Amino acid sequence: MNKKFFLFTYGCQMNEFDSEVIRQLLSQQGYVEAKHEMDADYLILNTCSIRENAVTRIIGRINELQKYRKLNPGLKIAVGGCVTQHDGEKFAKKVVGIDLVFGTSNFYRLPEFFLQLESSNPSLVCLADSSSPIPDALPFNTKSRHPAFL
């Protein structure tokens, strides 16, 4: 049976773009997007730290999502984006219940990180420095009638 994911996107248009790429990367690897968060094996939060209260809202959301662990004890919660890229190590220590922290420069490695979580690691902090190259050939095929982000 294919693993399911549910993706929450917070913030800017770049995050919208990154989330669409994440959807396609995971789909290419056999993951299926869940229609509802309670049906997912992976809950992914793609975050933005532009606004001051963004981090507080995201922490509150992570705490709220913990209830799904009762329904699915194998549930994994992954948090990435600007919030974690800036203070990922600190964020991972501060917030209970996160299985994976990833950065803005390595979101394309989510399928690999998920395999690591499944195989042996109880939790991962995987941050890339800003000099890490992002592959040129990431998938992107939008169904939006507005195919560009400005």
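Let's start with salt bridges: this structure, which is a predicted model, holds 7 of them. I'll walk you through a few.

Take glutamate 33 and arginine 23. Their closest N and O atoms are 3.0 Å apart. Glutamate 33 sits in strand 2 and arginine 23 in helix 1, 10 residues apart.

Next, arginine 69 and aspartate 99 meet at 2.9 Å, N to O. Arginine 69 lies in helix 3 and aspartate 99 in the loop between helix 4 and strand 5, so this pair ties together parts that are 30 residues apart in sequence. Aspartate 99, at 10% relative accessibility, counts as buried, whereas arginine 69, at 22%, is partly exposed.

One more pair: arginine 109 and glutamate 112, at 2.6 Å, N to O. And salt bridges that share partners join Glu20, Arg23 and Glu33 into one network.

Now to the nonpolar side of things. The largest nonpolar core has 20 residues, and Leu43, Leu45, Ile62 and Phe91 touch the most other members. Which helix gives the most to this core? That is helix 2, with 4 residues. Phenylalanine 91 has several contacts, among them Val55, Ile58 and Ile98. A second, separate core of 19 residues includes Tyr42 and Leu110.

Finally, look at helix 1 and helix 5. They pack at about 55°, with axes 9 Å apart, and are therefore oblique to each other. Helix 1 brings Ile22, Leu25 and Leu26, and helix 5 brings Leu110, Pro111 and Phe114. These contact residues divide into 6 nonpolar, no polar and no charged.

Technical notes. Residues numbered from 1 in each chain as written. Predicted model: local features only at pLDDT ≥ 70, side-chain atom pairs only at ≥ 80, totals over all residues. Heavy atoms only, no water. Axes fitted to C-alpha atoms, helices over the stretch in contact; angles between N-to-C directions. Helix = DSSP H or I, 4+ residues; strand = E, 2+ residues; numbered from the N terminus. Parallel < 35°, antiparallel > 145°, perpendicular 65-115°, else oblique. Contact = heavy atoms within 4.5 Å. Nonpolar A, V, L, I, M, F, W, Y, C, P; charged D, E, K, R; others polar. Core = buried A, V, L, I, M, F, W, Y, C linked by side-chain atoms within 4.5 Å. Buried < 20%, exposed > 50% of the residue type's maximum accessible area, 1.4 Å probe, protein only. Salt bridge = Lys/Arg side-chain N within 4 Å of Asp/Glu carboxyl O. Lists of a residue's contacts leave out its neighbours within four places in sequence.
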